[in-house]
Amino acid sequence: MNSIAIKLSNVSKKFDLNKNKNMSKRSHKTNKPSNQILALDNISLTIEKGETIGIIGLNGSGKTTLLRIISGIYQSDSGSVLINGNLAPLLQIGTGFKKELDAEENIIINGLLLGFSKNEIKRKIDDIIKFAELERFRKLKLKDYSTGMRSRLAFSTAIQINPDILLVDEILAVGDAVFKEKSFEIFLNFKKQKKTIVYTTHSINMISDLSDRVILMDQGRILKIGKPSDVISYYKEIIKTHKTKSFKQDNVRSINKEGTNYSDKSIKKPIFIIGVPRSGTTMLNIMMCLHPELAWFSHEDLKLLIPLDKQKKFREKFLRMKENNEKIPRTEDSLFVFGLDQARPLDGTSKVPIEAESFWRRYIQFYESEISSNKKRDLKNILDKILTTQNKLRFVNKAPQNTVRIFAIKQIFPDAKFINIARDPRSVISSMLTRTKNEGEFNIDWAIKEKKLNFHNSKKNNELIKYYAQGYKDITNYTLEFSKQQNSENFMTIIYEDFISNPEKNLKKLLDFCELKVPEPLSQIMPRKMRDTTEKWKMELAEDDQHKIFDIVQDSIDKMKYPFKL
Amino acid sequence: MIKFPLIELLDKRSLILHFSWMNIKLRFKGSYLGLIWTGLEPLLMFLILFVVFTSIREIPKENFGIYLITGVLFYHLFSRGTSAGLGSLKENSSLLKSFQIKKELFPVIATTTTCILLFVEVGILFGLMPVFDFTPGWNILLLPVLLILFLLLVLGMNYILSILYVYVKDVKPFWTIFIYALLFLSPIFWYTSEVEGILLNIQQINPFGQIVEMAHKIIVFNEIPELIEWISTTIIIFGILFIGFIMFKKLERNIVEKL
């Protein structure tokens, strides 16, 4: 216990979006109680004494809120915060100073607020001003200071006070090179003295040089925590995807400005793309997302589609089976359980249980905190918010787990449209067997080497193929059963092979089914790269090696009397 | 657990005093007369009222000058003290956002600032006595008790106003008007014996008016206010203080986000 400096357990923090009246202009349209944003979402974190922790994340990811919660300036809505030792927060440049007063007086105020006596501070004033290199300006009012000077003063004051824990928010970004160097040394000195530092920054160099551990935050959650090199490479990925996403959205917005005027802001005919994994659901989703009338959102949010009591039932059952080391059968219910998982139901034998477990742990935490705080999130509100911020009426969603919860989706959105994409099981299974880490490509050589497959000896692979084939069958049966209850207005099946043989024509058919306008030109939602890729896939289908696997797969499927005609 | 007001803040007294003194320095910083304004403000206000009232009507009673300055000084302190208290959280939002501080400090600091001003203004009162050829009686020794009650009233109001102002901006214009009305609704330039009806009814429930009335008795008329007056005023003031403190503690939790 004594080695812990900071411990957060299940800390959440919400903010009202319309806290001042000016903003209500924007939110009056929705008129829903959903004008809250979850700035911190169930954060649990332990920081040891002497650790230096860097926090990175895009703007608005919750970094500053986290520091403010740790420093006690904000109070969390739920969860607990434990601090061991005295703490100096350096948050936001220039706040914490009275602009009408000079440096000396401000140091006294800061010192008093940090809990020191006047005499102690007075003794330190000279050192503080000297370290900040502000001797010439000690009688100058703070309002005449530059941002850099202010942050130097704040930093000097905080470190002279010699805290056990130092919280620094972006403050070093504005100092000049000389001062940065000096602060860097101070940081290292602090580290030597076994003091704890938690800081946020956008400087990736700094974070990798200084931190023992790095926390990556996104949308109020800790996305990743660990060694600087691991987290930073992950962060870079996020920046990349974020760029393309916002680019996509900018395009969409500019198209949307012309002539679309929605009076009724409620969700209409949402589109769900379903299908066995590796059937081309992602490909379809990318194209649909680019359509100007459709909003896009992460499939994570759809977890909330499942009624709470059902979740609980599944959860209990799942945990009981895990405890008894039972093999989880591929019944409808277990499909549901696996479907909730981010791992796909079909995807490999070893991966599913491990990820499912860790996922469930998070899932349970999330819901327990939600239930106990009596603030159940309403899915429709979330969707409303997404649609409002993207200025859309409809959305498209694709998630591997959707396929195994179509009945639930249908209940919540009676007017939903389902696009079921079906693909030759031989292709699907081949893709499963040979896909590389880089999704969407398959490489037989790689698979033979890494997955230890042996296509010249079909026996060895039979078991795996059977496993995948069973999954294909389960999911397809499930979909078939569902499709029997639907009509042609809300359920459509397209064949993958068909689709890529003539993507333009098929996409138009699809848009027609979805009651969406066909954008002019169609290439707006059919990126060049996508066309190239479909060409590539077409070619790959024709390759000899591919046929070899097909034959093996075909062989296995025949042996188990696979019911589907190819 | 809500602790009794002020006890928690005892160890912060050097901070409170520093901030109070800083507030006074800051208010008149940059003006030519500087700190002299602390005394000059109520004096000029008194002069205006004195000239106006003595010229529109005959001096109603003996020692009207002392009667008026007593009321004006209390009024000036109350209006200054509460309007500083009202903005105390909002004006220090930058500090509240940067440090973990007891939010309660700020209405308390506004009150201690009033306390410092109070010493200055009591000095003015005694300084003016020879000018009006007035000698106070022994009952003036009760004044400190009255001043403590007055400061507790200011503190109670500051708790209420400061926290409400964070949530509702309309509090400020409302309070400005209310303070203005208080000048007429309290026995500052009129005598309670002169009025009846609604004005008297208001006076009976107006703790500020009660304090001014008692101050007049102690200072001007050399009387001891009746026990019932002490009791009722004390009850009202402690009621306000108690309600203010509870309200503050209940509402303070998430104010930093609102600032």
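Mentor: In this predicted model, the element that gives the most to the lining of the second largest pocket is helix 2 of chain A, with three residues. The pocket holds about 820 Å³ of space, and the elements that give two or more residues to its lining are, besides helix 2 (63-71), strand 4 (78-83) and strand 5 (87-90), each of them in chain A. The lining comprises 29 residues, and those that lie nearest the centre of the pocket are Ser71(A) and Gly72(A) together with Gln100(B), Ile101(B) and Lys102(B). Sorted by class, the lining residues are 13 nonpolar, eight polar and eight charged.

Turning to the packed helices, two such helices are described by the angle between their axes and the distance between the axes. Helix 4 of chain A, residues 118-131, packs against helix 5 of chain A, residues 147-160, at an angle of about 135 degrees, and their axes are 8 Å apart. Because angles over 145 degrees count as roughly antiparallel and those from 65 to 115 as roughly perpendicular, helix 4 and helix 5 of chain A are oblique to each other. The crossing of helix 4 of chain A with helix 5 of chain A is right-handed. On the side of helix 4, the residues that take part are Lys124(A), Asp127(A), Ile128(A) and Phe131(A), and they meet Leu153(A), Phe155(A), Ser156(A), Thr157(A), Ile159(A) and Gln160(A) of helix 5. In this contact between helix 4 and helix 5 of chain A, five residues are nonpolar, three are polar and two are charged.

Key: Residues numbered from 1 in each chain as written. Chains lettered and ligands numbered in written order. Predicted model: local features only at pLDDT ≥ 70, side-chain atom pairs only at ≥ 80, totals over all residues. Heavy atoms only, no water. 1 Å grid on protein atoms, 1.4 Å probe; cavity = no way out; pocket = protein on both sides within 12 Å on 5 of 7 lines; lining within 4 Å. Points joined across faces, edges and corners; volume = space filled by probe spheres on them. Helix = DSSP H or I, 4+ residues; strand = E, 2+ residues; numbered from the N terminus. Nonpolar A, V, L, I, M, F, W, Y, C, P; charged D, E, K, R; others polar. Axes fitted to C-alpha atoms, helices over the stretch in contact; angles between N-to-C directions. Parallel < 35°, antiparallel > 145°, perpendicular 65-115°, else oblique. Left-handed = near helix turned anticlockwise from the far one by under 90°. Contact = heavy atoms within 4.5 Å.
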